[in-house]
Amino acid sequence: LGHLIHTDESSHHDVFQRRGEFIGKVHSLRQELGNQHPHTFMSLVQIYLSSMYGSNLWDLFSLHTEKLYTSWNILIRTTYNLHFATHRYIVYNIPKIPHIRISLLKRFVKFHNKLDNSTKPEVRHLFNIQKFDCRSTFGI
């Protein structure tokens, strides 16, 4: 399905790969479109570049995903011509679209609820195993 699985069983290799692809695609989009209104550009980024397929498997609170969130913040600063030292809490509220962190967390909650409400016994069994494993992203 396109997930990067490493021998250390960590998802951060997949996060780094997706982050690199995201940065490259942002630069390509910027070259292709030239100067656009910041709201328009950020809407296009959200539509075309923020899918982050497989993010439901990531640890969304790790240092590795923080680098992805930082890349998003840098994108906002450069798009809106903000000073590099603009605090991230200010950066969160500038665009008209939700921050990538919020989007990924909402997707994870939706994914979690779909697994929890599944009618398939295999899915429910695997979900219950993961739910009580503290090493899992689902773990309590």
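Predicted model: local features only at pLDDT ≥ 70, side-chain atom pairs only at ≥ 80, totals over all residues.

Me: Is Lys 106 buried or exposed?
Reply: A residue counts as exposed when its relative accessible area is over 50%. Lys 106 has a relative accessible area of 57%, so it is exposed.

Me: How far apart in space are Lys 106 and Val 15?
Reply: In sequence, Lys 106 and Val 15 are 91 residues apart. From C-alpha to C-alpha, the distance between Lys 106 and Val 15 is 17 Å.

Me: Let's step back to the whole protein. How many helices and how many strands are there in the protein?
Reply: Read from the N terminus on, the elements run α-α-α-α-α-α. The count for the protein is therefore zero strands and six helices.

Me: What box do the C-alpha atoms fill, and what percentage of the residues count as buried?
Reply: Taken along the principal axes, the box filled by the C-alpha atoms is roughly 50 × 30 × 30 Å. The protein has 140 residues, and the part of them that count as buried is 34%.

Me: Among contacts between residues at least 6 apart in sequence, what percentage join residues at least 24 apart?
Reply: Contact here means heavy atoms within 4.5 Å. Of the contacts between residues at least 6 apart in sequence, those joining residues at least 24 apart make up 56%.

Me: Back to α5: at what angle do the axes of α5 and α6 cross?
Reply: Helix α5 covers residues 100-116 and helix α6 covers residues 121-131. Their axes come within 8 Å and cross at roughly 125 degrees.

Me: Which residues make the contact, and how do they divide?
Reply: From α5 come His 112, Leu 115 and Asp 116. From α6 come Val 123, Arg 124 and Phe 127. Together, the residues of this contact divide into two charged, one polar and three nonpolar.

Me: Now the aromatic rings. How many aromatic pairs does the structure hold?
Reply: A pair of aromatic rings is described by the distance of the centres and the angle of the planes. The number of aromatic pairs in this structure is two.

Me: How are the rings of Phe 22 and Trp 72 arranged?
Reply: Their centres are 5.8 Å apart, with 20 degrees between the planes. Planes under 30 degrees apart count as stacked, so the pair of Phe 22 and Trp 72 is stacked.

Me: Which parts does the pair of Phe 22 and Trp 72 tie together?
Reply: Both Phe 22 and Trp 72 are buried. The two residues are 50 apart in sequence, so their pair ties together parts of two helices: Phe 22 lies in α1 (residues 12-33) and Trp 72 in α3 (residues 63-79).

Me: What kind of pair do Tyr 89 and Tyr 92 form?
Reply: Tyr 89 and Tyr 92 sit three residues apart in helix α4 (residues 88-92), about one helical turn. Their ring centres are 6.2 Å apart and their planes are at 65 degrees, so the pair is edge-to-face.

Me: Over the face of which residue does Arg 77 lie?
Reply: The distance from Arg 77 to the ring centre is 5.8 Å. The residue with that ring is Phe 84.

Me: Finally, where is Met 52, and is Met 52 buried or exposed?
Reply: Met 52 lies in the loop between α2 (38-49) and α3. Although not a glycine, Met 52 has a positive phi of about 50 degrees. Its relative accessibility is 5%, so Met 52 counts as buried.

How values were computed
Residues numbered from 1 in each chain as written. Heavy atoms only, no water. Axes fitted to C-alpha atoms, helices over the stretch in contact; angles between N-to-C directions. Helix = DSSP H or I, 4+ residues; strand = E, 2+ residues; numbered from the N terminus. Nonpolar A, V, L, I, M, F, W, Y, C, P; charged D, E, K, R; others polar. Phe/Tyr/Trp six-rings, centres within 6.5 Å; stacked < 30°, edge-to-face > 60°. Buried < 20%, exposed > 50% of the residue type's maximum accessible area, 1.4 Å probe, protein only. Lys NZ or Arg CZ within 6 Å of the ring centre and 35° of its normal.
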